[in-house]
Amino acid sequence: MHKKDKYLGYIYIAPWLAGFCILTLYPFLVSFIYSFTEYDMFHIRFTGFKNYINIFTTDTAFAGSLAKTLLYTAISVPLKLCMALFVAIMLNRLKCLKGIYYTIFYLPSILGSSVGLAILWKYIFKKDGLLNMLLTTVNLSGPNWLGDPNLVLYVMMLLPLWQMGAPMVLFLAALKNVPADIMEAARIDGARPFQIFKNITLPMISPIIFFNIIMQTIEIIQLFTPAYLITKGGPMKQTYLYSLYLYDTAFRDMRIGYASSLSWILFIIIITFTLMFFALSKKWVFYGDES
């Protein structure tokens, strides 16, 4: 009976295992092999560490796209999480119509980094877009938001900020689990709202903050669709993010081996950030069984 149950379980997870092996594990392993080759979809030649050496010694596009991506991530992630936490705190205080407000704030996240959302963003911020049309109604002349090299990257940073529904929901769940009696005791003792937030709320939701930091960093550092559809990496490559450079290398230049090396470097960067976050978390993340 137990053997039958075990085999039945394998049958149930077989579709997932097949999908994982074919669509995830196999490409993952093959890309590692390709990263040591010169491959253009028709010819393949083993070149050892040549791709990696060229990336770090002669490839200026690599350094530029990586710098833009790290700057984009370093600003977007804190802004997005601060906005998500602020909205979660506001929603947690609602007494009525909670479901409607939850839906309104979460709806942009359902769209994710979709093509439609990127096109909408482009329509709003282009030279003759919706924002500048609204500014003209009050006799103001708006800049070329997507054409100015000094502005375009920061305009692009607003898109992830608007899609803060997923971390907001997690923050909201964490806030609801903060014991009300502890907060009430602090109020009776004379603690001010900011002191309660700093000394009680933040430590008790720190595991969710930590989780959101990791997930949002991984998501934004791989961002592709907005940069591709809104600006094509321009102007003057100010939005030429790493994922866009990787895409151009693989599918425009047909340098699959070189692109595989770039993808593995990105994988190592993400792993490094994740391990760094875990190491730093010991100093500020507190769990329920800790004093």
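At what angle do helix 9 and helix 10 pack, and how far apart are their axes? The angle is about 150°, and the axes lie 11 Å apart. This is a predicted model: local features need pLDDT of at least 70, side-chain atom pairs count only at pLDDT 80 or more, and totals for chains, interfaces and linings use all residues. Residues are numbered from 1 along each chain as its sequence is written, and side-chain values use heavy atoms, without hydrogens and water.

**Helix 9 and helix 10**
- Helix 9 spans residues 180–188 and helix 10 spans residues 193–204 (helices are DSSP runs of H or I, at least four residues, numbered from the N terminus).
- Their packing angle makes helix 9 roughly antiparallel to helix 10 (angles over 145 degrees).
- The crossing of the two helices is right-handed (the near helix is turned clockwise from the far one by less than a right angle).
- Helix 9 contributes Ile182, Met183, Ala186 and Arg187 to the contact; helix 10 contributes Ile196, Ile200 and Thr201 (contact means heavy atoms within 4.5 Å).

**Helix 5**
- In helix 5 (residues 115–125), Leu117, Ala118, Trp121, Ile124 and Phe125 are buried (under 20% relative accessible area, 1.4 Å probe, protein chains only).
- Viewed down the axis of helix 5, these buried residues fall within an arc of 120°, so they line one face (the arc is taken over directions from the helix axis to the C-beta atoms).

**Phe286**
- Phe286 sits in the segment after helix 14 (256–281).
- Phe286 is partly exposed, at 37% relative accessible area (between the 20% limit for buried and the 50% limit for exposed).
- Beyond its neighbours within four places in sequence, Phe286 contacts Pro203, Ser206 and Pro207.
- The C-alpha atoms of Phe286 and Ile205 are separated by 8.2 Å, with the two residues 81 residues apart along the chain.

Technical notes:
Axes are lines fitted to C-alpha atoms, for helices over the stretch in contact, and angles run from 0 to 180 degrees between N-to-C directions. Angles under 35 degrees count as roughly parallel, over 145 as roughly antiparallel, 65 to 115 as roughly perpendicular and the rest as oblique.
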